[in-house]
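I set out to look up the chains, one contact and the confidence of this model. My entries follow.

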Amino acid sequence: MTIRISLAVAAVLLAASPLADASQNLSKRANVAADVAIDVSNIEGRVDVTAWDRNEVELTASLESDKDRLEFEATERQVRIKVVRPDRHFNGSDDAILILKVPKGARLSAETVSADISVSGVLGEQRLESVSGEVRTQAYDAPVKLSTVSGDGTISGTGGKASVSVESVSGLISAAGIRGSYDGEVVSGDLRINLTAGERLNARSISGDIDARVELMASARVEMETVSGTIKMTMKPPVNAEFDLETFSGDIGACFGPEARSKNRYGPGSELSFTQGSGGTRVSIQSLSGDISICDR
Amino acid sequence: MTEPAKDAMGDEAERVARARNGDVAAFEGLYRDHVGRVYGLCLRMTGNPATAEDLTQDTFVNAWRSLPGYEGRSRFSSWLHRIAVNAVLAQRRAPLGRNEVSMTDDEGGTMDFAADQQLDDATPIDLERAISALPPGARDIMVLHGIYGYSHEEAAGMLDLAVGTCKAQLHRARQLMRARLHVEQHT
Amino acid sequence: MTTIQFDRGPQKDALLAQASKLPREIAPPRDLWPAIRAKLADQAQVEPRRINWPMALAAGFVVASVSALLTWSLMRDPGPAAGDRALASVVATQAELVPVNYGPGSALGAAQLKARDDLLAQFRQRLDQMPPETRAAVIKNLAIIQRAADEIGAALAQDPASGLLTGLLLSTYRDELKIYSKVVTAGDALTRRT
């Protein structure tokens, strides 16, 4: 993220000097705008972000290594926090713990390598990325984007209408109580989705499984796709939807509607297209060899 | 559906086998045997002779590429027609594709057919005109099912649609054609 | 469930009967074979079989996305300083990493290959900086994508016109690129200069 430090703005630039001791305990504070943009990055350890009712950012940091350096740059509109490792290499042993308090309306961007990320009460837009750390946050009305390579992720809905987007290579990504829209992509990781008042649900995996429990709006659109992973969707009744299910060589099972039929003469696949109830919602699910099941209980 | 009844069936299998091994002359033989049907299919589905020519070429080029995967489980003509239908559908989806001019509303809006014919016994030309005036979805199934004799299941497979959708489109096609042909009779 | 009844009166059958009598063969106005033959020859010179146009079109989108991502990444990170080049050279362990092979029926075009190669070069450099379990996960998941591509390729050989299979193959290609780009951008947390 581009950092602009305007001379017109009384910028606070506090670069902490490394201490000679083995560990460093530091604290920083800055007055900021209610919707300040916060950009934090860490390598190993933890990033905990909690929202409070003050237009202030407060950082308490504990760095195990005396070689790591903490950068803290703040203007009214933007705060940047970064743990800098001179050799720029992950070593798996030197944790840096960043405890951060931010205004409720803050917009948050966090990146880590193996550090876990935990966010609570942040109403603004969130972009949270970790390679192997676990990421936990809450979704309000603003968009939330969560991304990992091998780390797990959890997003908890709070009743707001959020746009949630998750990506992982091999992590288990859970999203519960989400209203609004959901986009999820994994390779071998699994997606667990609990969507209420859902307007859009897109989920895709290669070999990971997708388990979606959904309560959909009348005009909702659902698209899910796997190569070999299974797709299970449980819909809250009454179900009013048009279904278009297709698998090249997997099985299709449904608690309602007609039975699937053989797709064509080329292989063992099957397909199932039908309208349940009054329609409205459109559901499209496809797989190569993964099984597909839909149910309303 | 009926296939070209010739001793050529044996010849065809041999030509296919040779073409699979890269024999262009054998593939030309297959082209000569099938081009009329493929072009007819493309022409009727698009309503545009130039587009139909392009799609016919695409169909045979794609067939040449795909021949290594053809295992003879379906008739060669059916397999080829499937590729042709896919080419037509892909062309329709192309954002900058060779768009045909349709005189119809694909969403099934009101169509105003002039009372230009009084026909109880439609001539082939009248029928062709009525088919070409259909919206694409209805026209596709009328061409595949009505003219080329594919079953609903086969046509649905080619068009990547549900069988029920194909039946509904055929129902609609017949209604629209009857309106055009002024064959307003009992249903 | 909604059910539509399709009654079939005698008049409707008569209409279909008339349609079925239309000639199935219509000769094109000119001989198309010379043009087809030329295309087959071109194809043989370039590559034996290529992915069809929807794939190429969509892959173009992916290429554009990846190019944008690379540009963004480079803007964020001017590159390793002289003292960091030693780190950049520690790339040996991924030497055995090879891009996913999508099979003879889906050869990637030059633009796709270039986009992937560019990304792959950065990916190899950054992968060494990742935690060991992440490196293992990445390598394992590339193998999963390769398996998926193989399965889809085998299915495409049975049904070359399948839109489902073409779409899935494209998805695997996108996923491969996404793995590379994830590692590249994740590495920014370690390498970005301030």
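Entry 1, chain B. I read the elements of chain B from the N terminus on and found the order α-α-α-α-α-α-α-α. The tally is eight helices and zero strands, where helices (H or I, at least four residues) and strands (E, at least two) are DSSP runs, numbered from the N terminus. I noted that the model is predicted, that local features need pLDDT of at least 70 and side-chain atom pairs pLDDT 80 or more, and that totals for chains, interfaces and linings use all residues. Residues are numbered from 1 along each chain as its sequence is written, while chains are lettered from A and ligands numbered from 1 in the order in which they are written.

Chain B has 187 residues, of which 46% count as buried. A residue is buried if 20 or more other C-beta atoms, placed from the backbone, lie within 10 Å of its own. I then took the contacts in chain B with a separation of 6 or more: 64% of them are between residues 24 or more positions apart. Two residues are in contact if their C-beta atoms, placed from the backbone, lie within 7 Å.

I counted eight helices and zero strands here, in the order α-α-α-α-α-α-α-α from the N terminus on. Of its 194 residues, 36% are buried. For chain C, 85% of the contacts between residues at least 6 apart in sequence join residues at least 24 apart.

I looked up pLDDT, the predictor's confidence in each residue, from 0 to 100. The mean for chain C is 65, and 56% of its residues reach 70 or more. Helix α4 (residues 85-88) of chain C is lowest, at a mean of 32, and helix α6 (residues 132-158) of chain C is highest, at 86. Residues 1-12 of chain C stay under 50, and the model has 18 contacts beyond four places in sequence for them. Residues 45-93 of chain C also stay under 50, with 62 such contacts. Where pLDDT is low, the predicted coordinates should not be read in detail.

Which residues make up the contact? I found 42 residues from chain A and 35 residues from chain C. On the side of chain A that touches chain C, the elements giving two or more residues are β7 (78-84), β9 (107-112) and β23 (270-276) of chain A. β23(A) gives the most, with three residues. For the complex, I recorded an ipTM of 0.78 and a pTM of 0.59 from the predictor.

Definitions and conventions: Buried ≥ 20, exposed ≤ 12 C-beta atoms within 10 Å, placed from the backbone.
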